[in-house]
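Please consult the sequence and structure shown here while reading.

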Amino acid sequence: MSFRLLFLLIFTSIFSGLWAHPHIFIDVKVVPETDKITISWAFDAMTSAMLIKDYDTNKDKQLDSSEIAFIEKDHFKPLGEFSYFMRLFDGKKEIEVHKTDTFHATIEKKRLVYTFSIATPSFKMYELRFFDPEMYVAMILKPEALQCSKPFTCKVQGYDADFYYAYKAMVSH
Amino acid sequence: MIQLLIEANHYFNAELSTYFENIAEGEWFSVATLLAFSFAYGVVHALGPGHGKALLSGYLLAHPKLKTSHIFRIGFFIALVHAFSALVLSLSATYMIHASATKLLRDVTLPMTQVSGGLILLMGCWILFEVVRSRRDVEKVDTKKELSVIILSGIVPCPGVMTLSFFAMTLGELYIGIVAALCMSLGMGLTISLVGFVTSRLTHLSMIQTQPLWFWVLRVIGAVMVIGIGAVLVGFSGARSF
(Lines give C-alpha, C1' and ligand atoms only; values in the text may rest on other atoms or scores of the structure.)
Protein backbone atom coordinates (compact mmCIF):
# COMPACT_ATOMS: atom_id res chain seq x y z
CA MET A 1 0.00 0.00 0.00
CA SER A 2 1.46 3.31 -1.01
CA PHE A 3 2.25 6.10 1.38
CA ARG A 4 -0.24 8.42 -0.33
CA LEU A 5 -3.02 5.87 -0.24
CA LEU A 6 -2.54 5.37 3.47
CA PHE A 7 -2.74 9.11 4.06
CA LEU A 8 -5.85 9.33 1.93
CA LEU A 9 -7.48 6.60 3.98
CA ILE A 10 -6.67 8.33 7.25
CA PHE A 11 -7.88 11.75 6.20
CA THR A 12 -10.98 10.31 4.60
CA SER A 13 -11.77 8.71 7.93
CA ILE A 14 -11.99 12.19 9.46
CA PHE A 15 -13.56 14.30 6.81
CA SER A 16 -16.14 11.85 5.54
CA GLY A 17 -18.14 12.23 8.72
CA LEU A 18 -17.67 11.25 12.31
CA TRP A 19 -20.71 9.04 12.53
CA ALA A 20 -20.61 7.64 9.05
CA HIS A 21 -21.92 4.22 9.83
CA PRO A 22 -25.60 3.42 10.08
CA HIS A 23 -27.39 2.88 13.38
CA ILE A 24 -31.00 3.03 12.22
CA PHE A 25 -32.35 1.13 9.22
CA ILE A 26 -35.50 2.16 7.42
CA ASP A 27 -37.04 0.08 4.64
CA VAL A 28 -38.72 2.55 2.34
CA LYS A 29 -41.75 1.87 0.15
CA VAL A 30 -42.85 4.30 -2.56
CA VAL A 31 -46.14 4.45 -4.47
CA PRO A 32 -46.22 7.20 -7.13
CA GLU A 33 -49.72 8.38 -7.99
CA THR A 34 -51.17 11.19 -10.07
CA ASP A 35 -51.74 13.67 -7.28
CA LYS A 36 -49.42 12.38 -4.57
CA ILE A 37 -46.55 10.08 -3.78
CA THR A 38 -47.24 7.77 -0.87
CA ILE A 39 -44.17 6.80 1.11
CA SER A 40 -43.83 4.40 3.99
CA TRP A 41 -40.96 3.79 6.36
CA ALA A 42 -40.59 0.51 8.24
CA PHE A 43 -38.06 0.87 11.06
CA ASP A 44 -35.72 -1.97 11.97
CA ALA A 45 -36.85 -4.16 14.88
CA MET A 46 -34.48 -2.62 17.45
CA THR A 47 -35.35 0.98 16.67
CA SER A 48 -39.03 0.03 16.47
CA ALA A 49 -38.88 -1.44 19.98
CA MET A 50 -37.37 1.78 21.34
CA LEU A 51 -39.88 4.02 19.61
CA ILE A 52 -42.87 1.84 20.44
CA LYS A 53 -41.83 1.82 24.09
CA ASP A 54 -41.86 5.62 24.02
CA TYR A 55 -44.97 6.26 21.99
CA ASP A 56 -47.34 3.38 22.72
CA THR A 57 -48.16 5.07 26.00
CA ASN A 58 -51.02 2.77 27.02
CA LYS A 59 -48.93 -0.33 26.14
CA ASP A 60 -51.70 -2.00 24.15
CA LYS A 61 -49.33 -2.75 21.22
CA GLN A 62 -51.45 -0.58 18.96
CA LEU A 63 -51.29 3.09 18.15
CA ASP A 64 -54.46 5.07 18.67
CA SER A 65 -55.19 8.47 17.16
CA SER A 66 -53.79 10.48 20.06
CA GLU A 67 -50.57 8.43 20.08
CA ILE A 68 -50.22 8.85 16.32
CA ALA A 69 -50.77 12.60 16.61
CA PHE A 70 -48.07 12.78 19.26
CA ILE A 71 -45.63 10.71 17.17
CA GLU A 72 -46.22 13.04 14.24
CA LYS A 73 -45.60 16.14 16.36
CA ASP A 74 -42.77 14.83 18.52
CA HIS A 75 -40.85 12.52 16.22
CA PHE A 76 -41.86 12.77 12.59
CA LYS A 77 -42.27 16.51 11.96
CA PRO A 78 -38.87 17.45 13.46
CA LEU A 79 -37.32 15.28 10.75
CA GLY A 80 -38.49 17.92 8.25
CA GLU A 81 -35.32 19.75 9.24
CA PHE A 82 -33.47 16.93 7.48
CA SER A 83 -35.84 16.95 4.50
CA TYR A 84 -37.21 13.63 5.77
CA PHE A 85 -34.03 12.00 4.46
CA MET A 86 -35.15 12.47 0.85
CA ARG A 87 -34.77 14.95 -2.00
CA LEU A 88 -36.70 15.45 -5.23
CA PHE A 89 -34.50 15.75 -8.28
CA ASP A 90 -35.89 17.49 -11.38
CA GLY A 91 -32.97 16.68 -13.64
CA LYS A 92 -30.99 19.74 -12.63
CA LYS A 93 -31.03 20.17 -8.90
CA GLU A 94 -32.08 18.47 -5.70
CA ILE A 95 -35.09 19.99 -3.95
CA GLU A 96 -35.65 19.49 -0.24
CA VAL A 97 -38.98 18.20 1.02
CA HIS A 98 -40.54 20.01 3.94
CA LYS A 99 -44.26 19.47 3.43
CA THR A 100 -45.88 16.13 4.05
CA ASP A 101 -49.53 15.08 4.34
CA THR A 102 -51.71 12.29 5.71
CA PHE A 103 -49.28 10.96 8.30
CA HIS A 104 -50.17 7.64 9.82
CA ALA A 105 -48.30 5.24 12.08
CA THR A 106 -48.92 1.56 12.76
CA ILE A 107 -47.22 -1.40 14.38
CA GLU A 108 -46.88 -4.28 11.94
CA LYS A 109 -45.19 -7.50 13.09
CA LYS A 110 -43.46 -5.58 15.92
CA ARG A 111 -42.12 -3.01 13.48
CA LEU A 112 -43.10 0.62 13.56
CA VAL A 113 -44.32 1.85 10.18
CA TYR A 114 -44.86 5.48 9.22
CA THR A 115 -46.92 6.26 6.13
CA PHE A 116 -47.22 9.72 4.64
CA SER A 117 -47.52 11.43 1.30
CA ILE A 118 -45.99 14.31 -0.57
CA ALA A 119 -47.37 16.18 -3.55
CA THR A 120 -46.48 14.81 -6.99
CA PRO A 121 -44.09 17.27 -8.64
CA SER A 122 -45.23 19.07 -11.78
CA PHE A 123 -42.35 17.83 -13.95
CA LYS A 124 -42.89 14.70 -16.02
CA MET A 125 -39.72 12.95 -14.99
CA TYR A 126 -38.33 13.08 -11.53
CA GLU A 127 -36.22 11.21 -9.09
CA LEU A 128 -36.98 10.75 -5.45
CA ARG A 129 -33.67 10.25 -3.70
CA PHE A 130 -33.45 8.70 -0.25
CA PHE A 131 -30.40 9.20 1.93
CA ASP A 132 -28.99 10.59 5.14
CA PRO A 133 -25.81 12.47 4.21
CA GLU A 134 -24.36 11.62 7.63
CA MET A 135 -25.28 7.96 7.19
CA TYR A 136 -26.58 7.68 10.71
CA VAL A 137 -29.85 6.52 9.22
CA ALA A 138 -29.75 4.02 6.36
CA MET A 139 -32.66 4.52 3.98
CA ILE A 140 -33.12 1.33 1.96
CA LEU A 141 -35.30 1.17 -1.15
CA LYS A 142 -35.47 -2.21 -2.81
CA PRO A 143 -36.90 -2.60 -6.36
CA GLU A 144 -39.95 -4.50 -5.11
CA ALA A 145 -40.74 -1.61 -2.73
CA LEU A 146 -41.40 0.79 -5.60
CA GLN A 147 -44.99 0.09 -6.57
CA CYS A 148 -45.63 1.61 -9.93
CA SER A 149 -48.66 1.40 -12.18
CA LYS A 150 -49.76 3.07 -15.41
CA PRO A 151 -49.31 5.82 -16.51
CA PHE A 152 -46.03 5.75 -14.61
CA THR A 153 -42.85 3.91 -15.41
CA CYS A 154 -40.42 3.51 -12.57
CA LYS A 155 -37.02 2.16 -11.72
CA VAL A 156 -34.97 1.88 -8.54
CA GLN A 157 -31.27 2.46 -8.49
CA GLY A 158 -28.73 2.61 -5.69
CA TYR A 159 -25.76 4.90 -6.08
CA ASP A 160 -22.62 5.83 -4.23
CA ALA A 161 -22.47 9.57 -3.56
CA ASP A 162 -18.86 9.52 -2.30
CA PHE A 163 -19.61 10.07 1.38
CA TYR A 164 -22.94 8.28 1.61
CA TYR A 165 -24.99 5.70 -0.20
CA ALA A 166 -28.39 6.58 -1.61
CA TYR A 167 -31.30 4.99 -3.40
CA LYS A 168 -33.38 6.76 -5.99
CA ALA A 169 -36.82 6.05 -7.40
CA MET A 170 -36.84 7.27 -10.99
CA VAL A 171 -40.38 8.04 -12.11
CA SER A 172 -41.71 9.27 -15.44
CA HIS A 173 -45.23 9.72 -16.75
CA MET B 1 -18.06 -0.41 -0.68
CA ILE B 2 -20.42 1.85 1.33
CA GLN B 3 -23.41 -0.18 0.13
CA LEU B 4 -21.70 -3.35 1.33
CA LEU B 5 -21.07 -1.72 4.70
CA ILE B 6 -24.73 -0.67 5.02
CA GLU B 7 -26.05 -4.05 3.96
CA ALA B 8 -23.72 -5.89 6.32
CA ASN B 9 -24.80 -3.68 9.23
CA HIS B 10 -28.44 -4.15 8.25
CA TYR B 11 -28.01 -7.90 8.05
CA PHE B 12 -26.38 -8.27 11.47
CA ASN B 13 -28.84 -5.84 13.06
CA ALA B 14 -31.78 -7.88 11.74
CA GLU B 15 -30.21 -11.22 12.70
CA LEU B 16 -29.50 -10.02 16.24
CA SER B 17 -33.11 -8.88 16.63
CA THR B 18 -34.29 -12.33 15.56
CA TYR B 19 -31.92 -14.16 17.93
CA PHE B 20 -32.94 -11.92 20.84
CA GLU B 21 -36.61 -12.65 20.10
CA ASN B 22 -35.88 -16.38 19.88
CA ILE B 23 -34.16 -16.31 23.25
CA ALA B 24 -37.06 -14.33 24.76
CA GLU B 25 -39.33 -17.13 23.52
CA GLY B 26 -37.23 -19.75 25.31
CA GLU B 27 -34.83 -20.88 22.58
CA TRP B 28 -31.74 -20.79 24.77
CA PHE B 29 -29.54 -22.54 22.23
CA SER B 30 -29.61 -19.25 20.29
CA VAL B 31 -27.43 -17.59 22.94
CA ALA B 32 -24.10 -18.79 21.50
CA THR B 33 -25.09 -17.68 18.01
CA LEU B 34 -26.30 -14.36 19.34
CA LEU B 35 -22.97 -13.67 21.03
CA ALA B 36 -20.99 -14.68 17.94
CA PHE B 37 -23.18 -12.41 15.81
CA SER B 38 -22.77 -9.58 18.34
CA PHE B 39 -19.00 -9.84 17.95
CA ALA B 40 -19.29 -9.88 14.16
CA TYR B 41 -21.72 -6.93 14.28
CA GLY B 42 -19.11 -5.01 16.30
CA VAL B 43 -16.41 -5.74 13.70
CA VAL B 44 -18.65 -4.57 10.85
CA HIS B 45 -20.14 -1.65 12.80
CA ALA B 46 -16.70 -0.14 13.44
CA LEU B 47 -15.64 -0.48 9.79
CA GLY B 48 -17.22 2.86 8.93
CA PRO B 49 -15.35 6.08 9.61
CA GLY B 50 -15.54 7.17 13.23
CA HIS B 51 -13.87 9.57 15.60
CA GLY B 52 -12.34 6.79 17.73
CA LYS B 53 -10.33 5.38 14.85
CA ALA B 54 -9.39 8.85 13.61
CA LEU B 55 -8.26 9.95 17.07
CA LEU B 56 -6.25 6.77 17.57
CA SER B 57 -4.65 7.19 14.14
CA GLY B 58 -3.68 10.79 14.93
CA TYR B 59 -2.30 9.77 18.31
CA LEU B 60 -0.27 6.92 16.81
CA LEU B 61 1.22 9.14 14.12
CA ALA B 62 2.29 11.55 16.85
CA HIS B 63 3.66 8.68 18.99
CA PRO B 64 5.41 6.37 16.56
CA LYS B 65 7.30 4.33 19.14
CA LEU B 66 4.28 2.61 20.64
CA LYS B 67 4.44 -1.17 20.65
CA THR B 68 1.87 -3.23 18.79
CA SER B 69 0.58 -4.61 22.09
CA HIS B 70 -0.05 -1.03 23.26
CA ILE B 71 -1.94 -0.25 20.08
CA PHE B 72 -4.23 -3.23 20.53
CA ARG B 73 -4.69 -2.41 24.19
CA ILE B 74 -5.75 1.16 23.34
CA GLY B 75 -8.03 -0.04 20.54
CA PHE B 76 -9.86 -2.57 22.68
CA PHE B 77 -10.19 -0.23 25.63
CA ILE B 78 -11.60 2.56 23.43
CA ALA B 79 -14.29 0.13 22.29
CA LEU B 80 -14.97 -1.09 25.82
CA VAL B 81 -15.36 2.46 27.17
CA HIS B 82 -17.56 3.31 24.16
CA ALA B 83 -19.83 0.37 24.98
CA PHE B 84 -19.62 0.81 28.74
CA SER B 85 -20.78 4.46 28.60
CA ALA B 86 -23.70 3.35 26.40
CA LEU B 87 -24.60 0.58 28.85
CA VAL B 88 -24.43 2.91 31.85
CA LEU B 89 -26.70 5.40 30.10
CA SER B 90 -29.16 2.72 29.00
CA LEU B 91 -29.36 1.11 32.42
CA SER B 92 -29.65 4.45 34.23
CA ALA B 93 -32.38 5.59 31.87
CA THR B 94 -34.37 2.41 32.27
CA TYR B 95 -33.98 1.56 35.94
CA MET B 96 -33.07 4.82 37.69
CA ILE B 97 -34.46 7.88 35.96
CA HIS B 98 -37.09 6.10 33.84
CA ALA B 99 -36.27 8.27 30.86
CA SER B 100 -37.22 7.76 27.24
CA ALA B 101 -34.56 5.83 25.33
CA THR B 102 -34.86 7.86 22.16
CA LYS B 103 -34.93 11.20 23.96
CA LEU B 104 -31.94 10.22 26.06
CA LEU B 105 -30.01 9.28 22.94
CA ARG B 106 -30.79 12.58 21.27
CA ASP B 107 -30.35 14.76 24.40
CA VAL B 108 -27.21 13.25 25.89
CA THR B 109 -25.16 12.46 22.81
CA LEU B 110 -24.73 16.06 21.66
CA PRO B 111 -23.38 17.62 24.88
CA MET B 112 -21.16 14.60 25.58
CA THR B 113 -19.78 14.78 22.07
CA GLN B 114 -19.03 18.47 22.40
CA VAL B 115 -17.44 18.20 25.84
CA SER B 116 -15.23 15.30 24.80
CA GLY B 117 -14.41 17.26 21.61
CA GLY B 118 -13.21 20.20 23.71
CA LEU B 119 -11.01 17.92 25.80
CA ILE B 120 -9.65 16.17 22.69
CA LEU B 121 -8.83 19.58 21.24
CA LEU B 122 -6.88 20.52 24.36
CA MET B 123 -5.11 17.17 24.34
CA GLY B 124 -4.22 17.68 20.67
CA CYS B 125 -2.68 21.05 21.51
CA TRP B 126 -0.65 19.44 24.26
CA ILE B 127 0.54 16.64 21.94
CA LEU B 128 1.49 19.21 19.30
CA PHE B 129 3.43 21.19 21.89
CA GLU B 130 5.31 18.05 22.93
CA VAL B 131 6.02 16.98 19.36
CA VAL B 132 7.38 20.40 18.48
CA ARG B 133 9.42 20.57 21.68
CA SER B 134 10.89 17.08 21.29
CA ARG B 135 11.69 17.38 17.61
CA ARG B 136 14.99 15.57 17.86
CA ASP B 137 14.09 13.08 20.52
CA VAL B 138 11.16 10.81 19.89
CA GLU B 139 11.81 8.72 22.99
CA LYS B 140 10.95 11.63 25.25
CA VAL B 141 7.36 11.69 24.07
CA ASP B 142 5.08 10.96 26.99
CA THR B 143 3.08 7.85 26.25
CA LYS B 144 1.07 8.03 29.47
CA LYS B 145 -1.67 9.86 27.57
CA GLU B 146 -3.04 6.47 26.54
CA LEU B 147 -5.70 6.68 29.19
CA SER B 148 -6.81 10.11 27.99
CA VAL B 149 -7.10 8.83 24.42
CA ILE B 150 -9.11 5.85 25.59
CA ILE B 151 -11.52 7.84 27.72
CA LEU B 152 -11.94 10.83 25.44
CA SER B 153 -12.57 8.82 22.30
CA GLY B 154 -14.68 6.19 23.98
CA ILE B 155 -16.79 8.27 26.34
CA VAL B 156 -19.38 9.28 23.74
CA PRO B 157 -21.88 6.43 24.06
CA CYS B 158 -22.21 4.08 21.12
CA PRO B 159 -25.75 4.44 19.71
CA GLY B 160 -25.49 0.90 18.34
CA VAL B 161 -24.84 -0.55 21.78
CA MET B 162 -27.57 1.60 23.32
CA THR B 163 -30.10 0.38 20.77
CA LEU B 164 -29.06 -3.23 21.29
CA SER B 165 -29.20 -3.01 25.08
CA PHE B 166 -32.56 -1.20 25.07
CA PHE B 167 -33.91 -3.88 22.76
CA ALA B 168 -32.68 -6.61 25.10
CA MET B 169 -34.26 -4.85 28.08
CA THR B 170 -37.54 -4.46 26.20
CA LEU B 171 -37.59 -8.23 25.78
CA GLY B 172 -36.66 -8.79 29.44
CA GLU B 173 -33.22 -10.16 28.56
CA LEU B 174 -31.06 -7.65 30.43
CA TYR B 175 -28.10 -9.91 31.27
CA ILE B 176 -27.82 -11.42 27.80
CA GLY B 177 -28.07 -7.87 26.44
CA ILE B 178 -25.11 -6.79 28.57
CA VAL B 179 -22.99 -9.77 27.47
CA ALA B 180 -23.98 -9.17 23.83
CA ALA B 181 -23.00 -5.50 24.17
CA LEU B 182 -19.59 -6.55 25.54
CA CYS B 183 -19.12 -9.01 22.66
CA MET B 184 -20.05 -6.23 20.25
CA SER B 185 -17.47 -3.95 21.86
CA LEU B 186 -14.78 -6.63 21.49
CA GLY B 187 -15.61 -6.79 17.78
CA MET B 188 -15.36 -3.01 17.52
CA GLY B 189 -12.08 -3.15 19.45
CA LEU B 190 -10.61 -5.57 16.92
CA THR B 191 -11.44 -3.25 14.01
CA ILE B 192 -10.21 -0.12 15.81
CA SER B 193 -6.97 -1.89 16.79
CA LEU B 194 -6.34 -3.10 13.25
CA VAL B 195 -6.87 0.43 11.89
CA GLY B 196 -4.40 1.68 14.52
CA PHE B 197 -1.93 -1.07 13.58
CA VAL B 198 -2.08 -0.14 9.89
CA THR B 199 -1.56 3.52 10.79
CA SER B 200 1.43 2.72 12.96
CA ARG B 201 3.00 0.78 10.08
CA LEU B 202 3.06 4.08 8.22
CA THR B 203 5.75 5.31 10.55
CA HIS B 204 7.81 2.18 9.88
CA LEU B 205 8.13 2.81 6.14
CA SER B 206 11.77 3.13 5.15
CA MET B 207 11.26 6.55 3.55
CA ILE B 208 9.91 7.79 6.87
CA GLN B 209 12.52 6.05 9.00
CA THR B 210 15.43 7.37 6.96
CA GLN B 211 14.18 10.95 6.73
CA PRO B 212 14.05 12.60 10.17
CA LEU B 213 12.20 15.58 8.75
CA TRP B 214 9.47 13.40 7.24
CA PHE B 215 9.29 11.48 10.49
CA TRP B 216 8.76 14.68 12.43
CA VAL B 217 6.27 16.08 9.91
CA LEU B 218 4.26 12.89 10.22
CA ARG B 219 4.11 13.33 13.98
CA VAL B 220 3.02 16.95 13.60
CA ILE B 221 0.29 15.81 11.21
CA GLY B 222 -0.85 13.29 13.80
CA ALA B 223 -1.10 15.98 16.48
CA VAL B 224 -2.94 18.31 14.09
CA MET B 225 -5.35 15.46 13.28
CA VAL B 226 -6.17 15.12 16.97
CA ILE B 227 -6.80 18.90 17.18
CA GLY B 228 -8.95 18.71 14.04
CA ILE B 229 -11.06 15.88 15.45
CA GLY B 230 -11.60 17.84 18.66
CA ALA B 231 -12.63 20.94 16.70
CA VAL B 232 -15.07 18.98 14.55
CA LEU B 233 -16.64 17.38 17.63
CA VAL B 234 -16.97 20.75 19.38
CA GLY B 235 -18.77 22.12 16.32
CA PHE B 236 -20.97 19.04 16.03
CA SER B 237 -24.43 20.35 15.20
CA GLY B 238 -26.39 17.50 16.62
CA ALA B 239 -28.14 16.39 13.48
CA ARG B 240 -28.83 13.20 15.33
CA SER B 241 -32.43 13.77 16.13
CA PHE B 242 -33.62 10.18 16.28
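## Terms and basis of the model

Two strands are taken to pair if DSSP finds at least two bridges between them. Helices (H or I, at least four residues) and strands (E, at least two) are DSSP runs, numbered from the N terminus.

This is a predicted model, in which local features need pLDDT of at least 70 and side-chain atom pairs count only at pLDDT 80 or more, whereas totals for chains, interfaces and linings use all residues. Residues are numbered from 1 along each chain as its sequence is written, chains are lettered from A and ligands numbered from 1 in the order in which they are written, and side-chain values use heavy atoms, with hydrogens and water left out.

## The mixed sheet of chain A

In chain A, 5 strands make up an open sheet with mixed pairing, in the order S5-S6-S2-S1-S8. Its edge strands are S5 (101-108) and S8 (137-140) of chain A, each of which pairs on one side only. From one strand to the next, the twist averages 25 degrees. Angles here run from 0 to 180 degrees between N-to-C directions, and axes are lines fitted to C-alpha atoms, for helices over the stretch in contact.

Strand S1 (residues 24-32) of chain A pairs with S8(A) in the parallel sense over 4 bridges, and Ile26(A) stands opposite Met139(A) in S8(A). Helix H2 (residues 45-55) of chain A packs on this sheet, touching S1, strand S2 (36-43), S5 and strand S6 (111-119) of chain A. The direction of H2 makes about 90 degrees with that of S6(A). Contact means heavy atoms within 4.5 Å.

S2(A) and S6(A) run antiparallel and are joined by 7 bridges; Ile37(A) is placed opposite Ile118(A) in S6(A). S5(A) and S6(A) also run antiparallel, with 6 bridges between them, and Asp101(A) has Ser117(A) as its bridge partner in S6(A). These two strands, S5(A) and S6(A), form a hairpin with 2 residues between them, and Lys109(A) in the turn has a positive phi of about 50 degrees.

## The antiparallel sheet of chain A

S7(A) pairs with S10(A) in the antiparallel sense over 6 bridges. Across this pairing, Lys168(A) is the bridge partner of Arg129(A) in S10(A).

## Salt bridges

A salt bridge requires a side-chain nitrogen of Lys or Arg within 4 Å of a carboxyl oxygen of Asp or Glu. By this rule, there are 8 salt bridges over all chains. Residues are called buried under 20% relative accessible area, exposed over 50%, and partly exposed in between (1.4 Å probe, protein chains only).

Glu94(A) and Arg129(A) meet in a salt bridge at 2.7 Å, N to O. This pair links distant parts of the chain, with Glu94(A) in strand S4 (residues 94-96) and Arg129(A) in strand S7 (residues 125-130) of chain A, 35 residues apart. Glu94(A) is partly exposed at 34%, whereas Arg129(A) is buried at 12%.

Glu127(A) and Lys168(A) form a salt bridge at 3.8 Å, N to O. Glu127(A) lies in S7 and Lys168(A) in strand S10 (residues 165-172) of chain A, so the pair ties together parts that are 41 residues apart in sequence. Glu127(A) is buried, with a relative accessible area of 13%, and Lys168(A) is buried at 12%. A network of salt bridges links Glu94(A), Glu127(A), Arg129(A) and Lys168(A).

Glu96(A) forms a salt bridge with Arg87(A), the closest N and O atoms being 4.0 Å apart. Here Glu96(A) is partly exposed at 42%, while Arg87(A) is buried at 12%.

## Surface features of chain B

Val115(B), Leu119(B) and Leu122(B) make a nonpolar surface patch of about 290 Å². Patches consist of residues with over 30% relative accessible area and no salt bridge, like charges being joined within 9 Å and nonpolar side chains (Val, Leu, Ile, Met, Phe, Trp, Tyr) within 5 Å. Accessible areas come from the Shrake-Rupley method with a 1.4 Å probe; for residues, only the protein chains shown count as cover. Val115(B) belongs to helix H5 (residues 101-133) of chain B and is exposed at 53% relative accessibility.

Tyr175(B) is located in helix H8 (residues 174-202) of chain B and counts as exposed at 66% relative accessibility.
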